[in-house]
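Welcome! Here is a short tour for someone meeting this structure for the first time.

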Amino acid sequence: VVEGTSTASVTKLLDMNGKLVCGDAWGAIRIYELSQSSEINNNNASSISRRQCAFLQFGGSSSIACMEQVMGEHLLAVSIEPADERDSNSRMIYPLATSFRVPSSRGVYIVDTKESTMKVMLENVHNDTVRCMCSLPDGGLLTAGGKMDATVRVWDSFDFDNASSVVEEENLDGATDEIQVLTNSKVLDQPGYVFDLKVLSDSNGSDVYAVAAARYNVIKIVI
């Protein structure tokens with residue numbers, strides 16, 4: 001049992017190269033390295049020890065909605081949403097966290113978890129909170145908006161190297177970060193509003209892949 005990971009409610013979990021990534025209702029992300037302890041507890045079972053290796057927090061009244069590892073060992077795509085009113089009223093600014101200013105509480109942001117810096121903003125992505133994301137074999141990313149948006153967008157890998165603009169943002173710690181801003185993406189004709197996305201690789205070993213998209217009792221396959 002990993003206790004005491006967050007004061008706020010944990011909203012999302014992710015395995016990132018064997019590290020546990022925890023997002024919470026106050027817009028914070030904690031990343032832990034876990035290892036099995038040699039000590040035996042009262043139940044004759046070995047315990048799990050943890051070391052926090054990154055601590056980030058998104059500004060504003062934000063909650064972590066979705067997380068997905070992208071393009072390498074340390075890059076993490078994060079979608080946020082406005083925090084629940086009950087969480088917003090009791091929200092805490094963690095003084096030990098690296099804090100990010102965000103222009104929108106419904107945006108998607110790519111952060112470097114090793115350097116604790118924001119690298120990319122996906123601007124004007126969707127008209128509703130991005131509820132699920134999926135990294136692609138070519139280094140791209142799929143983002144799917146909520147019911148009020150009902151679109152799935154494709155961000156090509158080369159987009160991340162050719163941003164439409166670059167902005168300098170002063171983070172809450174007073175340092176200045178250079179952040180790429182992306183606005184161009186392709187909208188898939190199918191599948192519309194979805195709950196989850198997964199890549200299906202070609203069993204014959206080619207570079208062709210499909211995407212499975214789930215909504216209620218229907219799964220759509222898009223090639």
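## Strands and how they pair

Strands (E, at least two residues), like helices (H or I, at least four), are DSSP runs numbered from the N terminus, and two strands pair if DSSP finds at least two bridges between them. The model is predicted, so local features need pLDDT of at least 70, side-chain atom pairs count only at pLDDT 80 or more, and totals for chains, interfaces and linings use all residues. Residues are numbered from 1 along each chain as its sequence is written, and side-chain values use heavy atoms, leaving out hydrogens and water.

Strand 5 and strand 6 make a hairpin with five residues between them, and Met71 in that turn has a positive phi of about 45 degrees. Seven antiparallel bridges link strand 5 (residues 62-69) with strand 6, where Ile80 stands opposite Ile64.

## Strand 6 and its other partner

Strand 6 also pairs with strand 8 (residues 108-112), antiparallel and over five bridges; here Leu75 faces Asp112 of strand 8.

## A covered loop residue

Now look at Thr129, in the loop between strand 9 (117-122) and strand 10 (130-135). Thr129 counts as buried because its relative accessibility is 0%. Its contacts (heavy atoms within 4.5 Å) include Ile80, Glu81 and Pro82, not counting residues up to four places away in sequence.

## An exposed residue

Ile219 belongs to strand 18 (residues 218-222). Ile219 counts as exposed because its relative accessibility is 62%.

How values were computed. Buried < 20%, exposed > 50% of the residue type's maximum accessible area, 1.4 Å probe, protein only.
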